[in-house]
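Visitor: I would like to learn how to read a structure feature by feature. Could you take me through this one with care, giving the general idea before each case?

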Amino acid sequence: MDLHELINRASATLIDVRTPEEFHGGHVAGSTNIPMHDVPQRIEEFRGMSTPILLFCASGNRSGQVAEFLARHGFQEVYNAGGWQEVAFLKEQA
């Protein structure tokens, strides 16, 4: 399944791992902001999310780190979707 299909799946959870300031400067409609540094303290929150979980940030670097962290903690349907603007574009193409 490609990224466009995953982003637009009804069950997908979209998580923006940028800072709150970055998020408020522009974000993907329907996404939730959980800054990268808050992820370890909020890991149980991720366990209750519907899958797939798509993570993104400004460029894909931070979201890649978070995806690796979650994978090490047993998450299977977690994806690094890259930069938020690309995710926003793919979401609009639904």
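Visitor: Which residues does serine 31 touch, not counting residues up to four places away in sequence?

Guide: Before any reading, note that this is a predicted model, in which local features need pLDDT of at least 70 and side-chain atom pairs count only at pLDDT 80 or more, while totals for chains, interfaces and linings use all residues. Residues are numbered from 1 along each chain as its sequence is written, and side-chain values use heavy atoms, with hydrogens and water left out. Contact means heavy atoms within 4.5 Å. With residues up to four places away in sequence not counted, serine 31 touches Leu14, Asp16, Phe23 and Phe56.

Visitor: Where is serine 31 found, and is serine 31 buried or exposed?

Guide: Helices (H or I, at least four residues) and strands (E, at least two) are DSSP runs, numbered from the N terminus. Serine 31 is found in the loop between helix H2 (20–24) and strand E2 (32–33). As for burial, the word buried means under 20% relative accessible area, exposed means over 50%, and partly exposed is in between, with a 1.4 Å probe and protein chains only. Serine 31 counts as buried because its relative accessible area is 12%.

Visitor: Which backbone atom does the side chain of serine 31 reach?

Guide: A polar contact is a pair of N or O atoms within 3.5 Å; within protein, one must be able to donate a hydrogen and the other to accept it, and residues adjacent in sequence count only if both atoms are side-chain atoms. Here the serine 31 side chain reaches the backbone oxygen of valine 28, at 2.7 Å.

Visitor: In what order do the strands form the sheet?

Guide: Two strands pair if DSSP finds at least two bridges between them. In this model four strands form an open sheet in the order E2-E1-E3-E4, with parallel pairing, and E2 and E4 are the edge strands, each of which pairs on one side only. Strand E1 (residues 13–16) is joined to strand E3 (residues 53–57) by four bridges, and the bridge partner of isoleucine 15 in E3 is leucine 55, while leucine 14 stands opposite leucine 54. Two bridges join E1 to E2, where aspartate 16 stands opposite asparagine 33.

Visitor: Which way do the residues of E1 point?

Guide: Thr13 and Ile15 point one way and Leu14 and Asp16 the other way, and all are buried. Leucine 14 has a relative accessible area of 5%, and aspartate 16 has one of 0%. Leaving aside neighbours within four places in sequence, aspartate 16 is in contact with residues including Ser31, Asn33, Phe56 and Trp84, whereas leucine 14 is in contact with Ile7, Val28 and Lys91, among others.

Visitor: Which helices pack on or lie across the strands?

Guide: Axes are lines fitted to C-alpha atoms, for helices over the stretch in contact, and angles run from 0 to 180 degrees between N-to-C directions. H4 packs on the sheet, touching E3 and E4, and its direction makes about 145° with that of E3. Helix H5 (residues 84–92) lies across E1, E3 and E4, running at about 105° to E4.

Visitor: Which residues of the largest nonpolar core touch the most other members?

Guide: In soluble globular proteins, nonpolar side chains tend to be buried together. A nonpolar core is a set of buried Ala, Val, Leu, Ile, Met, Phe, Trp, Tyr and Cys residues joined through side-chain atoms within 4.5 Å. The largest such core has 17 residues, of which Ile15, Phe46, Leu55 and Leu70 touch the most other members. H3, E3 and H4 each supply at least two residues of this core, and H4 gives the most, with four residues. A second, separate core of 12 residues includes Ile7, Ala12, Val28 and Phe56.

Visitor: How many aromatic pairs does the structure hold?

Guide: Rings of Phe, Tyr and Trp (its six-membered ring) pair if their centres lie within 6.5 Å; planes under 30 degrees apart count as stacked, over 60 as edge-to-face and the rest as tilted. The structure holds one aromatic pair, formed by phenylalanine 46 and phenylalanine 75, which is edge-to-face at 6.5 Å centre to centre with 80° between the planes. The pair links distant parts of the chain, 29 residues apart, with phenylalanine 46 in helix H3 (residues 43–47) and phenylalanine 75 in the loop between helix H4 (61–72) and strand E4 (78–83). Both phenylalanine 46 and phenylalanine 75 are buried.
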